[in-house]
Amino acid sequence: MLAHEFMRNAYLAGSFVALACGLVGYFVVLRAQVFAGDALSHVAFTGALAAAAAGIDIRLGLFVATIAVALGMGLLGERARPDDVVIGSVFAWVLGLGVLFLSIFTSGSSGGDGTAAVRVLFGSILGLSAGDARLAAAIGLLASVALLAIARPLLFASVDPEVARGLGLPLRAIGVGFLVVLAVVAAEATQAVGALLLLGLMAAPGGAARLLTDSPWRGLALSAALALGAMWGGLALSYEVASVPPSFAVIALATGLFALAALHAKLRSSRPAEPLPAASRLSRIEA
Amino acid sequence: MRIELAGLSLDPVRDLEQLTEFSFMAQALEAGAIVAVMAGAIGWFMVLRRQAFAGHTLSVVAFPGAAGATLAGLPLALGYFGACGGAALVLAAVSRPAGAGRAGESAAIGAVQAFGLGLGFLFVTLYSGQLNGLESLLFGTFLGITAAQVQTLLWVAVAALAALALIGRPLLFASVDEGVARAAGVPTGLLGLAFLLLLGLAVAATAQITGALLVFALLVTPAATAQQVTARPGRGLALSVGLALAVTWIGLAIAYFSPYPVGFWVTSLSFGAYVAVRLGRALLARRAEPLGVPA
């Protein structure tokens with residue numbers, strides 16, 4: 001399988017995309033910002049198509065659009081944390097814009113075809129060149145390192161914002177910083193699994209890790225490991241079964257892992273467990 | 001859809017005649033009106049219950065439903081209603097995963113959504129081709145709506161709205177204050193399930209016209225605008241339905257005369273109304289502030 005160059009490229013880019021998605025996804029679930037991740041993934045679609053319609057590099061459109069919207073959400077969030085309805089109204093319109101760009105692009109003189117939209121929506125990890133894959137891996141690694149650098153204050157701010165504020169942590173800067181990392185990862189993952197599916201690579205491993213362990217550090221590692229497992233397994237599956245597209249295989253595995261974790265949690269909770277008091281949860285971050 | 005803007009004469013009577021000249025356009029306006037009324041009413045409850053994420057997930061699940069039905073050679077409507085109804089049941093089942101609270105719930109919804117979209121992509125791939133078909137499943141088309149389709153939509157809408165009227169009062173109670181409602185003996189769990197099923201029904205019907213990705217614009221934005229204007233249920237519902245109807249008809253009319261897609265016009269009009277109302281409220285609040293709070 002790894003004798004093919006396109007598979008090596010897919011594994012290289014996919015590993016780091018999955019690593020970044022798993023790490024970010026844990027926080028997305030912990031901070032209950034799954035819907036924000038959903039919105040950013042749709043913004044990625046519009047950004048990429050806007051770039052395609054304008055005839056510039058799709059990646060430029062991806063990163064500019066997601067980071068701009070993340071900053072907007074983060075800054076709005078200072079006064080009133082934007083709730084689901086605000087996010088929903090904005091991204092419904094962003095999708096409408098995406099449709100506009102799609103129609104400009106497909107009817108434009110640049111001779112575009114429908115496959116560009118499909119690539120953006122559902123990813124094209126098997127079509128990456130060696131250069132693309134190296135760049136994707138580098139950005140994924142960078143995003144992971146950036147996230148781990150702010151992981152400690154971010155965990156604190158996510159688990160108990162009141163205490164974190166009392167200790168003088170810059171909650172707003174942390175929140176905006178996290179949204180920007182999320183935006184970068186979303187733009188990055190769009191190239192691998194597509195704008196419509198990247199939510200699964202974040203929410204499913206993150207949600208599964210939350211169900212399996214209460215310890216934040218173990219959860220973070222577990223989430224990254226689950227995302228990596230889904231990516232590796234999904235790529236192998238789509239290689240063995242040619243009719244299964246890789247992005248579907250990856251998301252299906254991630255969802256399956258989440259379902260197993262939920263089942264496990266359900267079985268465990270039928271034996272009543274002692275809920276952890278908030279103080280001991282916090283002390284686990286310090287540990 | 002290249003009927004140039006030049007066709008617009010700015011004479012309202014003539015333009016209206018031109019708009020309804022072709023039966024496909026008349027049927028599009030009828031179908032648009034039906035789905036707008038249904039989405040406006042059910043969307044109002046969705047926004048009130050803060051279930052925008054669940055609503056979005058139900059609406060994207062319409063895509064694998066339609067793609068799967070195409071692949072299996074079943075009627076499209078069956079795919080839409082089957083997938084959205086099934087997803088409503090799944091969402092109701094996962095809405096309380098053990099001990100993970102609200103964060104766990106949204107993770108589960110996100111996983112369901114991504115899996116549904118992935119499944120849709122798999123079906124389209126297996127069907128091997130027709131990218132135009134994929135685009136209209138996702139972004140809708142108002143061309144080629146048949147009279148029979150309009151008839152079906154009408155029956156679905158009547159049934160959905162009748163059911164909503166039946167459970168409306170307890171649902172409102174349960175949505176505003178679940179704890180008190182439960183203490184008063186209202187079966188909140190059952191109502192939540194019934195509402196998700198209604199939402200799935202409305203989404204499945206609407207997605208056939210607007211496409212799976214744009215249903216959400218009709219569900220969330222008019223309702224969010226209405227709730228900015230008034231907190232009273234009767235007026236809010238009427239306003240939400242009126243707005244949805246207005247943006248759909250105006251959007252269809254503009255799309256008829258312009259080269260750009262109807263989805264863009266409908267979402268932009270509804271978002272424009274939402275932003276205008278929010279700005280208006282912010283201005284009013286600023287003006288009222290010096291009176292209310294002495295500096």
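Predicted model: local features only at pLDDT ≥ 70, side-chain atom pairs only at ≥ 80, totals over all residues.

Analyst: With 26 residues at 1.5 Å a residue, α1(A) should span 38 Å, and its end C-alpha atoms lie 37 Å apart, so the two values agree. Most of α1(A) is covered, with 19 of its 26 residues buried. Just after α1(A) comes A:A32, which takes a positive phi of about 55°.

Read from the N terminus, the elements of chain A run α-α-α-α-α-α-α-α-α-α-α-α-α. Of the 287 residues in chain A, 56% are buried. Among contacts in chain A with a separation of 6 or more, 78% are between residues 24 or more positions apart.

The next point is the contact between the chains. Chain A puts 46 residues into this contact and chain B puts in 47. On the side of chain A that touches chain B, α1 is one of the helices that each supply at least two residues; the others are α2 (34-54), α4 (84-107), α5 (115-122), α10 (198-212) and α12 (246-269). The helix that gives the most to this side is α4(A), with 12 residues. By class, the side of chain A that touches chain B holds 29 nonpolar, 13 polar and 4 charged residues.

Helix α2 of chain B (residues 23-48) packs with helix α9 of chain B (residues 188-210) at an angle of about 150°, and their axes are 10 Å apart. Angles over 145 degrees count as roughly antiparallel, so α2(B) is roughly antiparallel to α9(B). The crossing in which α2(B) passes α9(B) is left-handed. From α2(B), the contact is made by B:A31, B:G32, B:V35, B:M38, B:A39, B:I42, B:F45 and B:M46. From α9(B), the residues making the contact are B:F195, B:L198, B:L199, B:A202, B:A205, B:T206 and B:I209. The residues of this contact between α2(B) and α9(B) comprise 13 nonpolar, 2 polar and no charged.

To return to the helix asked about: α1(A) has 19 of its 26 residues buried, and α1 of chain A also supplies at least two residues of the side that touches chain B.

Definitions and conventions. Residues numbered from 1 in each chain as written. Chains lettered and ligands numbered in written order. Helix = DSSP H or I, 4+ residues; strand = E, 2+ residues; numbered from the N terminus. Expected span 1.5 Å × (residues − 1). Buried ≥ 20, exposed ≤ 12 C-beta atoms within 10 Å, placed from the backbone. Contact = placed C-beta atoms within 7 Å. Axes fitted to C-alpha atoms, helices over the stretch in contact; angles between N-to-C directions. Parallel < 35°, antiparallel > 145°, perpendicular 65-115°, else oblique. Left-handed = near helix turned anticlockwise from the far one by under 90°. Nonpolar A, V, L, I, M, F, W, Y, C, P; charged D, E, K, R; others polar.
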